[in-house]
Amino acid sequence: MGPLAFILVSGFLYSQVDGSRLRQEDSPPRIVEHPSDLIVSKGEPATLNCKAEGRPPPTVEWYKDGERVETDKDDPRSHRMLLPTGSLFFLRIVHGRRSKPDEGSYVCVARNYLGEAVSRNASLEVACEYNIL
């Protein structure tokens, strides 16, 4: 078997064996759908979208205010679910007077062995209820 050569072109890794045609190989993750800011009522469901591409397919994790978000994959009783697309789904927005665990600034991070990609920030705010007398 002859020499094996690898060439990096525009973020894609190609291999060449014995002068044969180049073929696409593994590529680092990239975010193709970034999350958007949300304003949601307390107790309502919500989704922060995120979609990433790469080869091998990247794993996605979410961070809120710099801390990793716990989802149903970590705790089956969690009200936050990581969807197969990479989006973060809230069964219901939790918000109290003293505790506001869902309100904050979120990013999704996609990783594979070639690197990581970080989405734009998205804020999740809880809509205020006002009583008018």
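From the N terminus on, the elements here go β-β-β-β-β-β-β-β-β-β-β-β-β-β. That's 14 strands and zero helices in the protein chain, with strands taken as DSSP E runs of at least two residues and helices as H or I runs of at least four. Keep in mind that this is a predicted model, where local features need pLDDT of at least 70 and side-chain atom pairs count only at pLDDT 80 or more, while totals for chains, interfaces and linings use all residues. Residues are numbered from 1 along each chain, and side-chain values use heavy atoms, leaving out hydrogens and water.

- Of the 133 residues, 32% count as buried, meaning under 20% relative accessible area with a 1.4 Å probe, protein chains only.
- Looking beyond four places away in sequence, Tyr-106 touches residues including Leu-48, Trp-62, Phe-90 and Leu-124; a contact means heavy atoms within 4.5 Å.

- Among contacts between residues at least 6 apart in sequence, 49% join residues at least 24 apart.

**The surface**
- The protein chain exposes about 8,900 Å², and carbon and sulfur atoms supply 51% of that; the areas come from the Shrake-Rupley method with a 1.4 Å probe.

Terms used. Buried < 20%, exposed > 50% of the residue type's maximum accessible area, 1.4 Å probe, protein only.
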